[in-house]
Amino acid sequence: RGITYDPRTKNFYISSLYKSKIIRIDRNGKVTDFVPERQDGLGPVTAIRVDPQRRVLWALSSFGIPNEKTPRELAGSASVYRYDLDDGQLLKKYDLPRPNRHFLTNLIDDRAGNLYITDSGLRTIFRLDAQKDTLEKFIELYKYPQLIGLTISPDDKYLFVAYGNGILNIEVATGKITQLTSPEHILLVGCDGLNFYDNSLIAIQSF
């Protein structure tokens with residue numbers, strides 16, 4: 001489900017929803033477990049991100065509807081994991097507050113190390129404050145279903161969030177929400193991954 005890259009070691013990391021694990025692929029193509037299946041209580045891993053400067057790998061884990069791998073008491077629960085990027089050791093686990101309606105879908109960090117997390121279940125963006133080391137609500141987006149893609153502008157002033165019917169621009173300092181517009185022949189529905197490249201916002205779209 002998730003993929004990220006460490007530019008220092010040139011390792012790729014890939015996460016699994018079904019196996020609840022994270023693997024590492026080195027520059028020679030060798031595959032090893034970075035976090036073995038269900039270690040540290042890890043559930044289905046919906047997204048991962050490397051912070052190469054701070055040598056951290058962030059992982060989002062969310063349990064969906066009850067099934068053969070998800071007991072009813074875990075359904076809708078979610079956690080954020082912070083791993084040491086160099087040795088794979090768990091540094092901290094942050095459990096999302098209950099009631100259990102969470103489903104974490106994506107994450108992005110700013111230059112100060114603050115982490116923003118989309119919760120499609122609660123239609124909310126959470127913020128993990130790097131200085132206070134606390135996880136708290138950043139903004140509620142009840143009008144916008146299916147929060148998926150997430151990125152931040154290079155100057156850290158704006159968050160861009162892809163949801164079911166388009167892309168939102170959120171001013172970080174004020175929380176002001178603006179809907180991105182596009183020419184009539186270009187639809188912004190069904191966008192998933194978002195990223196900045198060469199001063200442009202790139203979106204991956206699927207229907």
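Student: Which side chain does the side chain of Lys137 join in a polar contact?

Tutor: This is a predicted model, where local features need pLDDT of at least 70, side-chain atom pairs count only at pLDDT 80 or more, and totals for chains, interfaces and linings use all residues. Residues are numbered from 1 along each chain as its sequence is written, and side-chain values use heavy atoms, with hydrogens and water left out. A polar contact is a pair of N or O atoms within 3.5 Å; within protein, one must be able to donate a hydrogen and the other to accept it, and residues adjacent in sequence count only if both atoms are side-chain atoms. At 3.1 Å, the partner of Lys137 is Glu140.

Student: Where in the secondary structure is Lys137?

Tutor: Strands are DSSP runs of E, at least two residues, numbered from the N terminus. Lys137 lies within residues 134-140, which form strand 12.

Student: Is Lys137 buried, partly exposed or exposed?

Tutor: Buried means under 20% relative accessible area, exposed over 50%, and partly exposed in between (1.4 Å probe, protein chains only). Lys137 has 44%, so Lys137 is partly exposed.

Student: Which residues does Lys137 touch, not counting those up to four places away in sequence?

Tutor: Contact means heavy atoms within 4.5 Å. With that sequence limit, Lys137 touches Thr124, Ile125, Phe126 and Tyr142.

Student: What is the radius of gyration of the protein?

Tutor: The value is taken over C-alpha atoms, and the globule rule is 2.2 Å times the number of residues to the power 0.38. For 207 residues, a compact globule would be near 17 Å. The protein agrees, at 17 Å.

Key: Helix = DSSP H or I, 4+ residues; strand = E, 2+ residues; numbered from the N terminus.
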